[in-house]
Amino acid sequence: MMVMTVPAVDRPVPHPHSGWQRVVLVGFMGSGKSTVGRLLAHRLEWTFVDLDDEVEARADCSVDELFRVAGEAEFRRVEGEAGAAALARPRTVLAPGGGWSLAPGRLEGLPAGSLTVWHEVTPEVAVRRATGHGRVRPLLAGSDPVERARELLRQREEVYRRARLHLEAGAATPAALVNAIVAHMKGSA
């Protein structure tokens, strides 16, 4: 596991000269993928795609409503289509949902030039972030969301570990995570 801390740098890095064409942020809900993804895309001057937003646009309803009305299988189908469309574009930062990377072969089948980054968080941090502001995530619904998060993380961790870069995202600031990703991109040219 590689965990980096890099001092803040405010200037953009439009071309990291590394051959990377995409960054795919993987990890559990509440790990900061969308926040970091937006900042990273801005810094690189690339396109940012929040896969949940793409799913909502395609389904013409919220993720929560899609889960409730059509079920998880339909959500995953739409999510897979939206992800494939996003990955077809170069110079893209993709922030998929926590379960997107679980489809068999999904991480291994990414286009060449795709950097995968795992945002690691504890179940407690994930639940606190994912359920803040009164929001209820369909997969955490129930009497003990932290225990449900532990269970889901146990099931998913093996897949998340396949990411090329692992970053501890529980206590790190979004800016520090962006800096670590950019430093890795530059250093792996």
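Which backbone nitrogen does a side-chain oxygen of Asp50 reach at the start of helix α2? It is the backbone nitrogen of Asp52, and the oxygen comes to within 3.0 Å of it. The legends below follow this contact and others through a predicted model.

**View 1. Asp50 at the start of helix α2.** Helix α2 covers residues 51–59. Asp50 is buried, with a relative accessible area of 10%. Arg38 is partly exposed, at 42%.

**View 2. Arg38 and Asp53, between two helices.** The side chains of Arg38 and Asp53 meet in a salt bridge, 3.9 Å from N to O. This pair links distant parts of the chain. Arg38 sits in helix α1 and Asp53 in helix α2, 15 residues apart. Asp53 is partly exposed, with a relative accessible area of 41%. Just after α2, Asp60 takes a positive phi of about 55°.

**View 3. Arg22, a buried charge without a salt bridge.** Arg22 belongs to strand β1, which spans residues 22–26. Arg22 is buried yet has no salt bridge. Where is the nearest side chain of opposite charge? That side chain is Glu54, 14 Å away. A salt bridge needs a nitrogen and a carboxyl oxygen within 4 Å. Backbone oxygens do meet the Arg22 side chain. The backbone oxygen of Leu87 lies 2.9 Å from one of its polar atoms. The backbone oxygen of Ala112 is reached at 3.1 Å. Leaving aside residues up to four places away in sequence, Arg22 touches several others, including Trp46, Arg89, Pro90, Thr92 and Ser114.

**View 4. Helix α1 and its buried side.** The 12 residues of α1 should span 16 Å at 1.5 Å a residue. The end C-alpha atoms are 16 Å apart, which agrees. Which residues of α1 are buried? They are Lys33, Val36, Gly37, Leu40, Ala41, Arg43 and Leu44. These residues cover an arc of only 160° around the axis, which puts them on the same side of α1. Their cover includes strands β1, β2, β3 (92–95) and β4 (114–120), along with helix α7 (174–187). Just after α1, Glu45 takes a positive phi of about 65°.

View 5. Arg150 forms a salt bridge with Glu147. The closest N and O atoms are 3.2 Å apart. Both residues lie in helix α6 (residues 145–160), 3 residues apart, and are separated by about one helical turn. An α-helix has 3.6 residues a turn, so residues three or four places apart point the same way. Arg150 counts as partly exposed, at 30% relative accessibility. Glu147 also counts as partly exposed, at 33%.

**View 6. A network of shared partners.** Arg58, Glu74, Arg77 and Glu81 form one network. Salt bridges that share partners join them. The count of salt bridges in the model comes to 14.

Terms used. Residues numbered from 1 in each chain as written. Predicted model: local features only at pLDDT ≥ 70, side-chain atom pairs only at ≥ 80, totals over all residues. Heavy atoms only, no water. Polar contact = N/O pair within 3.5 Å; in protein donor to acceptor, adjacent residues only side chain to side chain. Helix = DSSP H or I, 4+ residues; strand = E, 2+ residues; numbered from the N terminus. Buried < 20%, exposed > 50% of the residue type's maximum accessible area, 1.4 Å probe, protein only. Lys, Arg positive; Asp, Glu negative; His and termini not counted. Contact = heavy atoms within 4.5 Å. Expected span 1.5 Å × (residues − 1). Arc of directions from axis to C-beta.
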